[in-house]
Amino acid sequence: MMINMKELLKKMFVIMAFLIHQQSGTAQIVMPKIFSDNMVLQRDEPLMIWGKYLPGETVQVKFSSLIEEVEVQLDSSWQVYFPAHAASSSPQLLSIYTKSDSLEYSNVLIGDVWLLAGQSNMEWSLGQEEHFESEKEQLAGPQLRFYNPQYVGKGIYAQKYNEEALEKLQSTAFFEGSWEESGMPHVAKLSAIGYYFGKEILQHENIPVGLINLSIGGAPIEAFISEETLEKDQRFYKKVSGNWLDNDELPVWIRERGGQNVGGIAVHVGKTGPNHAYKPGFIYESGIKPILNMPIKGVLWYQGESNAQEIARVFEYPQLQKLLIKDYRKKWKQETLPFYWVQLSSIDTLNYRSQYWPLFRNLQRLLLEEVNYGGMAVSSDVGAENDVHPRNKKVVGERLARWALHQDYDRNIEVSGPLPIDAKYSAGKIKITFEHTADGLMTLNGEMVKGFSLNGKHPVPATIEGSKIIIQTSQKPETVYYGWQPYSTGNLMNSEESPTSTFQITVDD
């Protein structure tokens, strides 16, 4: 009788895996951390449920009135698919069964799931936000859900991590959390920008909204892009070459902070150095990659402060952001995945290295011309002169929501404040034309227009004529600047009181 070696090896593998599981006492269904009670699953997309169990065993999954079953693969993985569901506020039960184990997740809703990513201004909690005292009396309610995991190193700044933190600096242990409803006290720890964005979507669309918050204070953009993606890019492969703590292709500040936390004492060290939230690719590996099987509606991004302190890092940032967007759309298999970002706010240079912020903000604005299905919320008008964390996050979240409401939910609203189209010189006048002016340009309380210059330094008078700005000058300049101070003095807005972006634009004849 002919022996089928492939089948024999398969059976031996299954037996060995079973014995190992039995001996270690781990013969249990293992699910991704993103699964918990109260979660929101993305509507109108096939629902994938996945996990790990004993090879060769059968897993049965029930959701709503549907049941699917599957045999566990040799690598212990399994997955099932359910057809796309419409949005539903009716709590559902997700059940996973084997012949000897079971798991249940209750109060599951179907709606739109948004990923929140970036650094401390995205992470900034609702409980610390300017409007929290009044907001907690009118919370969004249980239809707004959030996954807001804790992470290793949160709240630890310029000091060494303890042994417990060092042990957890691995992708499988870095994030820990579960889904929560938007009620006290849990909601106070949610991203304030995410909360106000989600509340706007919920109130306009009346569908459940889920927020996955993977923002981390101080994290550079490189941490959110996979090592593999950086390595394959001819512009950025050096960012994952050698120990990241000594890599001059990365922002100086994040390497200094990383060294303070783990330098010389790291437990988990890979080919590019010790693990840390700021290490290139680490947030992607520990937070983004584990949820790629879960469809999302879009991404909200507020990041850049850590990449805006050195001129080389400033000029490369737009290409890094485009690389991140392209990679996320590819990994999620959603070519039109919405991606909305917040332009850096305003802060003086007295206590912060913000001298390059006007240039950085202008480069963020120019990305609007290159990124389809994208949008940008201006925040320079609500900046804090001596604090990198402005407290008014409500207006920022609502401005992000305008982009989504218009582009993803077909609401007929203005998405942005004024953005320059062109600047032309004739007969001693510069005329600057704008889009997104609504019913015209204005300033708050009819004040004189502020924020314009012809050299980026010295202010010049400007007046409003309908939807144009007029600047009188006897000679044609090369460029017009607006809001070109780290702490912007610009006060131009449209008739809906949405502010004008920092910009630099060439003057044509």
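Visitor: By class, how many nonpolar, polar and charged residues are there in the lining of the largest pocket?

Guide: Keep in mind that this is a predicted model. To read a lining, sort its residues by class: here the largest pocket has 17 polar, 13 nonpolar and five charged residues.

Visitor: What is the volume of that largest pocket, and which residues lie nearest its centre?

Guide: A volume tells you about the space, and the residue list tells you what surrounds it. The largest pocket comes to about 730 Å³. Its lining has 35 residues, with Ser120, Glu123, Tyr151, Tyr157 and Gly217 nearest the centre. If you look for elements that give two or more residues to this lining, you'll find α2 (120-123), β9 (150-151) and α7 (252-262). The largest share is from α7, which gives three residues.

Visitor: And the second largest pocket: how much space lies in it?

Guide: Read it the same way. There's about 370 Å³ in the second largest pocket. It is lined by 14 residues, and Lys33, Ser171, Thr172, Ser286 and Pro290 are the closest to its centre. Helix α8 (residues 282-288) gives the most here, with three residues. Sorted by class, the lining has seven nonpolar, four polar and three charged residues.

Visitor: How many cavities of 30 Å³ or more does the structure hold?

Guide: With a cavity, think of a space that the probe fits into but cannot get out of. The structure holds four of 30 Å³ or more, and the largest cavity has a volume of about 70 Å³.

Visitor: Which residues line the largest cavity?

Guide: Its lining is made up of Met376, Ala377, Val378, Arg399, Trp403, Val415, Ser416, Gly417, Ser498 and Pro499. Two elements give two or more residues each: β17 (374-377) and α11 (394-407). By class, that lining has six nonpolar residues, three polar and one charged.

Visitor: Now a single residue. Does Ser488 count as buried or exposed, and why?

Guide: Look at relative accessibility, where under 20% means buried. Ser488 has 12%, so it counts as buried. You'll find Ser488 in the loop between β24 (479-482) and β25 (492-494).

Visitor: What is Ser488 in contact with, leaving aside its neighbours within four places in sequence?

Guide: Skipping those neighbours lets you see which other parts of the chain meet the residue. For Ser488, the contacts are Ser346, Arg361, Ser380 and Gly483.

Methods
Residues are numbered from 1 along each chain as its sequence is written. This is a predicted model: local features need pLDDT of at least 70, side-chain atom pairs count only at pLDDT 80 or more; totals for chains, interfaces and linings use all residues. Side-chain values use heavy atoms; hydrogens and water are left out. On a 1 Å grid over the protein atoms alone, a cavity is a set of points where a 1.4 Å probe fits but cannot get out, and a pocket is an open set with protein on both sides within 12 Å along at least five of seven lines; lining residues have an atom within 4 Å of a point. Grid points are joined across faces, edges and corners, and a volume is the space filled by probe spheres set on the points. Helices (H or I, at least four residues) and strands (E, at least two) are DSSP runs, numbered from the N terminus. Ala, Val, Leu, Ile, Met, Phe, Trp, Tyr, Cys and Pro count as nonpolar, Asp, Glu, Lys and Arg as charged, and the others, Gly among them, as polar. Buried means under 20% relative accessible area, exposed over 50%, partly exposed in between (1.4 Å probe, protein chains only). Contact means heavy atoms within 4.5 Å.
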